[in-house]
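Please read this report alongside the sequence and the model. It goes through the chain topic by topic, for a reader who is new to it.

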Amino acid sequence: MQEEYLHYLWRLKRLPLHNLTLTDGRTVEVHNTGWYNLDAGPDFFNGTVSLDGMRWSGNIELHVKSSDWYVHNHHHDKAYENVVLHVVYEHDKEVIVNGEKLPTLELKDIIDINHWRNYDRITSRPYEIACSAEMPIDNFIIEQQLSVSLFQRLERKGMELVNFLRDDQHDKKKALLIAVLQSFGGRANKLPMIELAHIIPLRIIAKEKWSIERIESIVFGCAGMLNNKKNRCDQYTKQLKIDWNHLKLKYNLPEMNVSSWKFSGMRPYSFPSIRLAQLSALLYHWNLSLSDPTDAEIIVAELNSKFQLPVSKYWENHFVLGSESNPHNAKISSNTFNLVLINGIVPYLIYLKHLEHNFEYSDAVINLLEHLPPESNNITKKWSNLGIKPKNAAESQGMIELKNEFCNFKKCLSCKIGHHVLETEVEYS
């Protein structure tokens with residue numbers, strides 16, 4: 001038995017809540033199961049029950065065993081002194097609160113055991129997506145859950161960006177820089193990109209915009225790549241080093257450890273060095289602001305004009321400093337641009353929503369994602385193989401969140417699809 005399953009039964013009132021008997025023989029009738037609490041404190045706030053006909057209002061706590069009250073140290077927490085009903089699967093110990101026995105309801109003999117076995121069977125499967133054997137499922141239910149997952153992902157990513165800002169939560173330019181750089185970094189180099197965003201001196205960048213090479217010397221210098229002894233040193237790299245040493249001394253600039261950057265296992269077009277060259281071009285041409293961040297069409301058009309501007313010619317035949325390659329297009333690709341919009345600009349707009357308390361940003365985010373093509377990755381391919389194919393980036397983002405935050409942790413009871421599978425296979429009598 002799992003406590004999460006007990007929460008599910010209580011939330012959905014999937015129990016006979018009238019004319020029950022407490023462990024001490026008194027009758028109990030549940031009028032209001034309470035408000036489900038996902039934070040610290042009792043599981044359900046402000047419930048209402050009648051004990052032997054006397055009405056009580058207060059909090060309700062659920063456990064697998066009544067002794068879990070002591071295991072979880074609730075007897076030392078004043079937040080639990082207002083609990084009026086203890087609901088447990090198995091009553092194995094009396095709980096004393098304020099010198100009196102806590103009213104306890106045992107569920108062991110009233111739970112639908114077939115329903116529990118079905119839940120246990122589904123969540124015990126070795127599949128990555130536990131309900132995959134039941135696909136296809138009604139499209140409306142799938143769309144509902146993808147919408148829930150999408151909004152959870154948007155809020156989580158937006159608040160993650162707020163946390164990345166540390167003490168600079170009102171600095172919109174810093175927020176936008178972190179947002180863009182984290183999307184540039186991908187999974188392998190996200191954290192060093194965020195570290196770099198914190199130390200790039202935007203005020204000094206603005207002073208040195210008379211030359212894109214000067215911007216590159218600051219970006220690559222702060223990233224620690226100009227003192228990488230593994231790199232060959234051609235004339236271009238030598239000049240960047242000269243400029244960097246001068247600027248570092250002049251402005252007392254910080255420098256990262258070059259070992260933070262990951263190159264292994266990556267395609268050359270995703271090397272952090274080529275990304276930093278693209279970043280340098282962005283900083284050279286763009287002042288890190290959006291003219292109208294509440295309008296998705298304007299955002300895409302404005303950013304597309306900036307992201308398609310050329311980088312230094314040096315990078316048209318280099319992927320790393322000092323090593324010449326075959327000629328290639330060093331501009332930001334359309335696929336990378338879309339990923340920056342999805343993984344960078346979208347969290348930035350959610351950050352602005354919370355900063356300015358303006359829900360027009362939410363509308364802009366949905367409009368933006370619904371007009372972008374869906375991502376193609378291992379997760380979206382898994383859903384497509386089950387017959388659930390994303391039509392746009394809003395749906396693919398919902399799928400990614402559903403897989404990573406629900407399926408991976410077997411949170412079937414918090415998922416509309418899982419709920420549908422569970423309740424369809426076993427009808428409650």
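Which backbone nitrogen does a side-chain oxygen of Asp112 reach at the start of α3? That oxygen comes to within 3.1 Å of the backbone nitrogen of Asn114.

## Basis of the description

This is a predicted model, in which local features need pLDDT of at least 70 and side-chain atom pairs count only at pLDDT 80 or more, while totals for chains, interfaces and linings use all residues. Residues are numbered from 1 along each chain as its sequence is written, and side-chain values use heavy atoms, with hydrogens and water left out.

Helices, here and below, are DSSP runs of H or I with at least four residues, and strands are runs of E with at least two, both numbered from the N terminus. In α3, the residues His115, Trp116, Asn118, Tyr119, Ile122 and Thr123 are buried, a word that stands for under 20% relative accessible area, with exposed meaning over 50% and partly exposed the range in between (1.4 Å probe, protein chains only). Because these residues cover an arc of only 160° around the axis, they lie on the same side of α3; the arc is taken from the directions that run from the helix axis to the C-beta atoms.

The loop between α3 (113-123) and α4 (139-164) contains Ala130, which is buried, with a relative accessible area of 5%. Leaving aside residues up to four places away in sequence, Ala130 touches Ile122, Arg125, Lys410 and Cys412, where contact means heavy atoms within 4.5 Å. Ala130 and Cys407 are 277 residues apart in sequence, yet their C-alpha atoms are 6.8 Å apart in space.

## Aromatic pairs

Rings of Phe, Tyr and Trp (its six-membered ring) are paired if their centres lie within 6.5 Å, and the planes count as stacked when under 30 degrees apart, as edge-to-face when over 60, and as tilted otherwise. By this rule there are 15 aromatic pairs. One of them is the stacked pair of Tyr5 and Tyr8, at 6.5 Å centre to centre with 20° between the planes. Both residues belong to helix α1 (residues 3-11), three residues apart, which is about one turn of the helix, and both are buried.

Tyr5 also forms a stacked pair with Tyr119, at 5.1 Å centre to centre and again with 20° between the planes. Since Tyr5 lies in helix α1 and Tyr119 in helix α3, the pair ties together parts that are 114 residues apart in sequence. Tyr5 has a relative accessibility of 0% and counts as buried, and Tyr119 is buried as well, with a relative accessible area of 2%. Ring pairs link Tyr5, Tyr8, Trp116 and Tyr119 into a cluster.

## Nonpolar cores

In soluble globular proteins, nonpolar side chains tend to be buried together. A nonpolar core is here a set of buried Ala, Val, Leu, Ile, Met, Phe, Trp, Tyr and Cys residues joined through side-chain atoms within 4.5 Å. The largest one has 80 residues, and those with the most contacts inside it are Phe184, Leu276, Leu279, Phe307, Ile345 and Tyr348. Helix α5 (residues 172-199) supplies the largest share of this core, twelve residues. Apart from this core lies another, of 49 residues, among them Leu62, Ile111, Ile142 and Leu146.

Within the largest core, Ile345 is one of the residues with the most contacts. Not counting residues up to four places away in sequence, Ile345 touches Leu176, Val180, Ile299, Leu303, Val340 and Leu368.

## Cysteines

The structure holds zero disulfides, a disulfide being a pair of cysteine sulfur atoms within 2.5 Å. The sulfur of Cys222 is 18 Å from the closest cysteine sulfur, that of Cys233, and so is too far for a bond; Cys222 counts as buried, at 0% relative accessibility. Cys407 is likewise in no disulfide, and its nearest cysteine sulfur, in Cys131, is 6.2 Å away. Cys407 is buried, with a relative accessible area of 13%.

Most residues other than glycine have a negative phi, and most peptide bonds are trans. Asn46, in strand β4 (residues 44-51), has a positive phi of about 55° although it is not a glycine, and at 57% relative accessibility Asn46 counts as exposed. Asn252, in the loop between α8 (235-251) and α9 (272-285), also has a positive phi of about 55° and is exposed, with a relative accessible area of 67%.

How values were computed. Polar contact = N/O pair within 3.5 Å; in protein donor to acceptor, adjacent residues only side chain to side chain.
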